[in-house]
Amino acid sequence: MASSNTEPVIIVEGLTARYGEVTILQDVSFEVYRGERFMILGGSGCGKSTLLKHMIGLIKPHAGRVVIDGVDITRADEETLHRVRSRIGVLFQADALFGSMSLAENVSLPLAEYTDLPPELIREIVRMKLGLVNLAGYDNHMPSELSGGMRKRAGLARAMALDPTFLFYDEPWAGLDPVTAAELDILIRSLNEGIGTTMVFVTQELASIFSLGQRVIMLHKDVKGIIARGTPQELRETSSDPRVNHFFNRQAD
Amino acid sequence: MPEMNHRGYRLHVEGAPGAQAAVRLEGRLALEDLKALMADLQAVPVKMKPREIAVDVAGVEYLDSAGAMALIEMENLSRSLGIPFELLGVSEKDHGLLCLIDREALQRPPLRPESERPAIVVRLGEVARRQYRDVLEIMTFVGELVAALAYCLVHPRSIRWEEVKFYMKRAGADGLPIVALISLLLGLIMAFMSSLQLKQFGANLYVANLVTIAMVRELGPIMTAILVAGRSGSAFAAEIGTMVVNDEVNALVTMGFDPIRFLAVPKVLAAMVVVPILTVYADFFAILGGLIVGITGLDLTAFTYIQQTKSSIRVFDFATSLVKAVVFAMLISGIGCQRGFQVRGGAEGVGMSTTSAVVSAIFLIIVADSAFAIMLHYVRH
Ligand SMILES: Nc1ncnc2c1ncn2[C@@H]1O[C@H](COP(=O)(O)OP(=O)(O)OP(=O)(O)O)[C@@H](O)[C@H]1O
Ligand SMILES: [Mg+2]
C-alpha cells in the first residue's frame, strides 16, 4: 500500500559526513515523506548508521543540513533540539538499554521525563508497550537477563514509549528469528498505518525490505553516497547497476 | 449533557443511570491528554452506571497507542462492572491498532514481583552467603593465578612481554610523578613535625633517623601500594570487567586462550616489577623532603644529614621493604583482575567491581602489613 502523501517532513540536503579527516558520505540529499516507511540500504560499512546518527542530530555534519518537520536540527539551539527529540524514537543497532535499570524502568524513563502522567498510568502504558513487543510480564527483568532478540524488542518498546512522530530503526531485524521478525513487521505496519508514524529504517534484510519498504535509497562505499533510489520492486526489476542487482539477488560482487 | 474542554479531544455523553449511554469522541486521542481522557472515559461506567455503553469513535482524527489503551481500559472496566460495551465507527487503521494491544498483558502481573526490601535477618544471611562465596571465588582465583604464574615461569616464551612492558609503563612510569610528590610532602611533614619535638632536646640530627626508619620500614611500601591500588588496581578491574561484559573474555576462551594467563599474568608480572621500584623512589623522595627541612629549618649540613640517614638504614630493613612491595603488588593486581573477572551485568557491575577492587586491595595491604610487622618483629630478635 503505497502512500500518496508526498509532503516532505525529513529533508537531508548536501550532507557531508566525516570522522576526522575520513569522508564517509559526500553531498547526500534526499527527502522522507510524512507517514512513509523509508529505507536506507547498502553494504556493511558504507555509512548507513552514520547517516542515521546525522539524521537524529547525534553528530553534526561537516557540511549540509537536516530538516525535521521544519526545524533545521544542525543549527537549532538546545531547547528546540530537545523539543524535536521528544518526538523522535530511535532503536539503536546495539540495543542501548540501560543495564542498571529493569525493562519497566527503561521504558518509563522517557514517559517520566516528557509527560506529567501519574506513576500508575505510566506503569500501565509500560505494560501495554511491553505487550506490543511480546514481552508482557518481563517488567522487572534486567536487560542482562534477556536474549539478544528480546533486548532488541525491549529497545523498540522504549523507542515507542512516547508514540513518537518519527521512528528510526537501525537494523531492527538483526538477531530475530523469522517468526518474531514477521511479527515485528506486523507491529511496525500497524503502528505506521494506525498512528501515521514516519519511519526510517537502516536494514539489509531483503524479506522486510520487500514487505515493508515503500521508498528506499541505496548507499555505496565507492561513491560515498546514493547509487540508487526508488521502490524496492523498481530497484530489483529495472536497475542496470550491477551493485544494486547483486544486493537484491544476494550475489557476491 | 455535551461536554467541551481545551484538550485535543471532545467528548459528548448522552444517557442516564439505568439507561443506555451514548458516548461520542472526536479529535485527537493521544498520549498528551491521556490522564484526562482516562478519567473522562472511566467516569461513564463508574459514575453514571448505565445499562449499556456505546462509544462512537467515527469522529476521531488521530489515535495513538495510548489513546487505544484508554478505550480498551474503559471496555475492561465496563465489562468488569457487568455493563455491555460496544465500540462503533472504528476505522480500519484504528482497528489494526486496537487489535495489536494485548488486552491480557494490561492486566497480567509481572513474571517476577518487584523486589522489596527483605527482613533484616534475611539480608544478614544474604550478606554472609555472599561473603562466603566471595572468599571461595578469591581462593579459586588465587589457585588459578598461581598455576598460571608457575606455568609462565616454566614457559617464559608464553608470556606476552609486550603487554608486560605496556602495563609497566602504565602502572610504573606514569605513576611516578604522583608517588614522588606525595612522598616528598610526606617527608617534609614528618621531618617538620618531629623536629618541633626533637629540637627541645637538642636532638635535631635524629630527624634523619626518624624519617628514614619510618619511611623504609612502613610508610614507603604502604603509601606506594595504596597509590598503585587506586591508580592501577581499579584500572585493571575496569578493563577486564568491560571485556567480560562485552563477551570478549568468552571470545578468548573459545579461541583456546586461558583468560587468566592472557589477561591477568601480564598485569601481575608488571606490577611485581614496578611496585618495588616505585617504593624505592618513594623512600628516596621522602628522605629528600626530610633533607630539605633539615637544611632549611634545623641548621644541619647536607653531608651530616646524609651520613646520619646512611647509618640508620639497615640492609635487612631495605630488603624486607622490597619483599613487602612485591607481595603488595601481587595482592593489588591479583584482586584487581579477580574483581574484573567477577563482573556480571553491565556498566553498573563494572563500576562496582572497580570500587571493590580498590577497597579490597587496601584491606589486604593493611592485613598483610600487620602480618609482616609481627613476623619481622620475631625475625629481628
Ligand atoms: N566513531 C567512528 N570513528 C571513525 N570512523 C567511524 C566511526 N564510526 C564508523 N566509522 C567508519 O565509518 C564507516 C561507516 O560506518 P557505519 O557504522 O555508518 O557503517 P554501516 O553502514 O552502518 O555498517 P553496518 O551495516 O556494518 O552497520 C566505516 O568505514 C567505519 O569504519
Ligand atoms: Mg550500522
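Reader: How many residue pairs are in polar contact across the interface of chain A and chain B?

Author: A polar contact is a pair of N or O atoms within 3.5 Å; within protein, one must be able to donate a hydrogen and the other to accept it, and residues adjacent in sequence count only if both atoms are side-chain atoms. Here the rule finds six residue pairs across the interface, both residues at pLDDT 80 or more. This is a predicted model, where local features need pLDDT of at least 70, side-chain atom pairs count only at pLDDT 80 or more, and totals for chains, interfaces and linings use all residues. Side-chain values use heavy atoms, without hydrogens and water.

Reader: And which side chains meet in a salt bridge?

Author: Look for a side-chain nitrogen of Lys or Arg within 4 Å of a carboxyl oxygen of Asp or Glu. Between chain A and chain B the count is one: Glu145(A) with Arg112(B), at 3.1 Å, N to O.

Reader: What area is buried between chain A and chain B?

Author: The size of an interface is often given as the accessible area lost when the parts come together. With a 1.4 Å probe, summed over both parts, this one buries about 2600 Å², and carbon and sulfur atoms give 64% of that. Contact (heavy atoms within 4.5 Å) takes in 31 residues from chain A and 29 residues from chain B.

Reader: Which residue of chain B has a positive phi although it is not a glycine?

Author: Most residues other than glycine have a negative phi. Asp247(B), however, has a phi of about 65 degrees.

Methods
Residues are numbered from 1 along each chain as its sequence is written. Chains are lettered from A and ligands numbered from 1 in the order in which they are written. Buried area is the accessible area (1.4 Å probe) that two parts lose on being put together, summed over both.
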